[in-house]
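Please keep the sequence and the structure in view while reading.

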Amino acid sequence: MSFSSRRRNYLLTPHRRDGLIECMKSMLMHSFVLNALDTTGADTFSHFEMLIDEHRRMTNQLLEDINSNQMNTVNSSAISNMNGSGSANQPNMIVPSRLKRLVPSIGTFYTRLPLRKAFEAYNAKYGA
């Protein structure tokens, strides 16, 4: 069975790749080169768990801030108009998470990802 060149090269086009998976692959590359996947692979997945948890925490905090600001929009605009200062309407500087800086196309994570536990279970069964 032969596949067309378009089907064979499906994942070679960069616009069809997932940024998070590509980042994980690049961070795991040294583990395969050193043949030390048992130790460094699990540590790399722990690092990714930490980055994802930080991203989830910052995203949740941002959403809470947006929701609380929507409630206070009328009050803050009335106060700033009374005081004559527009500083209350200036948006706060949003700092992206480290994961968002590594992978700009990253979305929102709604649940934790136990990547280290999953890797250890897979490695115990298949010996990656």
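## Surface and overall make-up

The protein chain exposes about 9900 Å², of which carbon and sulfur atoms supply 58%. The model is a predicted one, and in it buried residues make up 21% of the 128 residues in the chain.

The secondary structure comes to five helices and zero strands, so that the order from the N terminus on reads α-α-α-α-α. Among contacts between residues at least 6 apart in sequence, 70% join residues at least 24 apart.

## Confidence along the chain

The mean pLDDT of the protein chain is 77, and 66% of its residues reach 70 or more. Among the elements, helix 4 (residues 98–102) has the highest mean pLDDT, at 93, whereas helix 1 (residues 5–8) has the lowest, at 58.

Over residues 77–90 pLDDT stays under 50, and for this stretch the model has six contacts beyond four places in sequence. Where pLDDT is low, the predicted coordinates should not be read in detail.

## The nonpolar core

The largest nonpolar core has 16 residues, and those with the most contacts inside it are Leu20, Phe48 and Leu99. Helix 2 (19–34), helix 3 (37–83) and helix 5 (115–126) each supply at least two residues of this core, with helix 3 giving the most, namely six residues.

Leu20 touches Phe48, Leu99, Val103, Ile106 and Phe109, when residues up to four places away in sequence are not counted. In soluble globular proteins, nonpolar side chains tend to be buried together.

## Aromatic pairs

A search of the whole structure finds two aromatic pairs. Phe45 and Phe119 are both buried.

Tyr122 and Tyr126 both lie in helix 5, four residues apart, which is about one turn of the helix. With a relative accessible area of 47%, Tyr122 is partly exposed, whereas Tyr126, at 52% relative accessibility, counts as exposed, because the cut-off for exposed is over 50%.

Conventions. Residues numbered from 1 in each chain as written. Predicted model: local features only at pLDDT ≥ 70, side-chain atom pairs only at ≥ 80, totals over all residues. Heavy atoms only, no water. Buried < 20%, exposed > 50% of the residue type's maximum accessible area, 1.4 Å probe, protein only. Contact = heavy atoms within 4.5 Å. Areas by Shrake-Rupley, 256 points an atom, 1.4 Å probe, with all protein chains shown as cover. Core = buried A, V, L, I, M, F, W, Y, C linked by side-chain atoms within 4.5 Å. pLDDT = per-residue confidence, 0-100. Phe/Tyr/Trp six-rings, centres within 6.5 Å; stacked < 30°, edge-to-face > 60°.
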